Amino acid sequence: MTISTDDASDDADLVGRVRAGDTDAYAVLVRRHARAAMRTATLLGAGSDAEDVVQEALVKAYRSLGSFRADRPFRPWLLRIVANEARNAHRSAVRRTGREERQARDLWAELLDPAAAVVDREDKARLLAAVAGLPDKLRLVVACRYLLELDEADTAVVLGVPRGTVKSRLSRGLARLREDLAATIEEVDHA
């Protein structure tokens, strides 16, 4: 059987086909969501292990399709698995070395949305450094909302927290970024 990359079936149909034994349908799901999964893993701290994290998450998702609720959207469910794998990888990486974090920041810069090209590279670097400097709980919410462009509901699913928690952490994260970036701009102005 040839795997079509243009399969117009919706995710629910593809999941149903996978459950019926059509592994090619899972390949279509993987192709459809691989980029978002890669971005999620990278932005949530997997760094240079992002490909391994995504691979592991895709295997776990495949094995867990029996517990997937067909009345729910597939993407946030998959990204939540990716987010959990990314967090586990991040914790391990932090324990091993700080070098991996520097590499993750470099990957973040490379993965920014092209629409942000109007912002010069220095501003991006300052913004990414400020986001990376946020406490984990705030950084993850800001990354999901603004770097992955997930809405509040999807962010809540991906991070496994209530929607109200997403709102409050986002508010605190943005306030912290305003303070940090204002201080950085002031330092640059006085240099």
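I'll start with R69, which counts as partly exposed at 45% relative accessibility. This is a predicted model, so keep that in mind throughout. The partner of R69 is D71, and the two form a salt bridge with their closest N and O atoms 3.2 Å apart. D71 counts as exposed, with a relative accessibility of 57%.

How many salt bridges does the count come to? The count is seven. I'll go through two others.

One of them joins K60 and E85, whose side chains meet at 2.4 Å, N to O. K60 is in helix 3, residues 50-63, and E85 is in helix 4, residues 74-96, so this pair ties together parts that are 25 residues apart in sequence. On accessibility, K60 is partly exposed, with a relative accessible area of 34%, whereas E85 is buried, at 12%.

The other joins K167 and E152, with the closest N and O atoms 4.0 Å apart. Here K167 belongs to helix 9 and E152 to helix 8, so the pair ties together parts that are 15 residues apart in sequence. K167 is partly exposed, with a relative accessible area of 46%, and E152 is buried, with 18%.

Which of its residues are buried? They are E152, T155, A156, V158 and L159. The arc they cover around the axis is only 165°, which puts them on the same side of helix 8.

Now the two ends. At the N-terminal end, D151 caps helix 8, with a side-chain oxygen 3.2 Å from the backbone nitrogen of A153. Just after helix 8 comes G160, which takes a positive phi of about 70°.

Last, a charged residue without a partner. R169 lies in helix 9, residues 163-190. Is R169 buried or exposed? R169 is buried, yet has no salt bridge. The nearest side chain of opposite charge is D136, at 10 Å, while a salt bridge requires the nitrogen and the carboxyl oxygen to be within 4 Å. What is R169 in contact with, leaving aside its neighbours within four places in sequence? The contacts are K137, L138, V141 and V161.

To recap the two ends of this talk: R69 has a salt bridge to D71, and R169 has none.

Technical notes. Residues numbered from 1 in each chain as written. Predicted model: local features only at pLDDT ≥ 70, side-chain atom pairs only at ≥ 80, totals over all residues. Heavy atoms only, no water. Buried < 20%, exposed > 50% of the residue type's maximum accessible area, 1.4 Å probe, protein only. Helix = DSSP H or I, 4+ residues; strand = E, 2+ residues; numbered from the N terminus. Arc of directions from axis to C-beta. Polar contact = N/O pair within 3.5 Å; in protein donor to acceptor, adjacent residues only side chain to side chain. Lys, Arg positive; Asp, Glu negative; His and termini not counted. Contact = heavy atoms within 4.5 Å.
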